[in-house]
Every structure is written in C-alpha cells, then in structure tokens.
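Hello,

Here is the structure I said I would pass on. Please look through it first; my notes follow below.

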Amino acid sequence: MAATNLKILILHGPNLNLTGFREPDLYGKIPLEDVDEQIQNEAQKLGIEIRILQSNHEGVLIDAIQENRRWASGIVINPGGLTHYSISLRDALVSVRLPVVEVHLSNVHAREEFRRHSVIAPISVGQVVGFGGYGYVMALHSMINLVQEVV
Ligand code: DQA
C-alpha cells in the first residue's frame, strides 16, 4: 500500500517523552525515540511523509497544528493528559479541518473513570488505544485508508 503525497503530522503530548521509563506496565518499556523510529520506518515503507513532535506544552502542540495546516493531510495525535480536558487543543484540531486519529498507548477505557472521557474523540475519525507504540503504525494505515477513500 503506497500513498503518494500523503503528509501526516504526528503529535505526542505531555509526559510522552518519558515513555519507556514512566509506568512501563501501562505504557511499555520502549523509549519514545524507538517508537518514533518504528513510525519513521513504516512511513518510509508506505511512501508517506511525516513530521513528529513531542511537547509537554499545550500551546506548542496548538502552534504545531496551526503551522502545519497547509502541509499536512492528516493528524495523528496522542494528547496525553490533555485528552481529557483540553478544549483549546480540540478547537485547534477542528479549526484546521484535517482528519484526526487519536492514539493512546494504554487502553484508556480499562483504566480510571476520568480517562474514559476524551474531548478529542468526538472530533476524531477514530481512536487506536491499548496497542502501545504499534498504535501509531495502525493509525498511519488507517489514515491512508481514509484519505484514499475520500479521493
Ligand atoms: C495516554 C493516556 C492518558 O490518560 C495519559 O494521561 C497519558 C498517556 C496513553 O497514551 O495511554 O499521558 O495518552
């Protein structure tokens, strides 16, 4: 499956830089750099262009969404804790009118009650949860399928 001209912005939110170290039973033992490498390799295989950014700051993520609005064909985002309350992040995603796939390393639906609620989910095409870093690879495939269906 090769998708020409597909450009995906991949965003990791707060604390995801500690993936591999932080609560490994929940988030896995693989460092974020290795997850990113796996995403890069898959993107190359699929023939798509990606940009990856991790930030602990809501505003930096919002800036990246706005700045890439003309470049990107879609956004894959793990908003971390912002998932559960950031109306500003949600507004930014809505504003740029790009398809969004929400990713979570852990199965948020099998955890605390407050993690079951996402303000991002209603404006996303779908969620990939509980598959660790491989969820981003799944999200890339979903995005290709989605964009190709639209064209
Ligand atoms: C997370 C789930 C969130 O609830 C949490 O705040 C995170 C990580 C995940 O990838 O499973 O920081 O987004």
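Strand 1 runs parallel to strand 2 (residues 49-54), and 6 bridges join the two. One of the pairs links His-12 with Gln-54 in strand 2. Please keep in mind that this is a predicted model.

Strand 1 also pairs with strand 3, again in the parallel sense, over 5 bridges. Here Leu-11 has Ile-77 of strand 3 as its bridge partner.

Next, the loop between helix 3 (58-67) and strand 3 (74-78), where Asn-68 is found. Asn-68 counts as buried because its relative accessibility is 9%, under the 20% cut-off. Leaving aside residues up to four places away in sequence, Asn-68 touches Leu-9 and Arg-51.

Then there is the ligand.

- His-104: a polar side-chain atom lies 2.8 Å from an oxygen atom of the ligand.
- Leu-105: a backbone N or O atom lies 2.8 Å from an oxygen atom of the ligand.
- Ser-106: an N or O atom of the side chain is 2.6 Å from an oxygen atom of the ligand.

How much of the ligand does the protein bury? Taken alone, the ligand exposes 320 Å², and 97% of that is buried by the protein.

Regards

Key: Residues numbered from 1 in each chain as written. Predicted model: local features only at pLDDT ≥ 70, side-chain atom pairs only at ≥ 80, totals over all residues. Heavy atoms only, no water. Polar contact = N/O pair within 3.5 Å; in protein donor to acceptor, adjacent residues only side chain to side chain. Areas by Shrake-Rupley, 256 points an atom, 1.4 Å probe, with all protein chains shown as cover. Helix = DSSP H or I, 4+ residues; strand = E, 2+ residues; numbered from the N terminus. Buried < 20%, exposed > 50% of the residue type's maximum accessible area, 1.4 Å probe, protein only. Contact = heavy atoms within 4.5 Å. Pairing = 2+ DSSP bridges.
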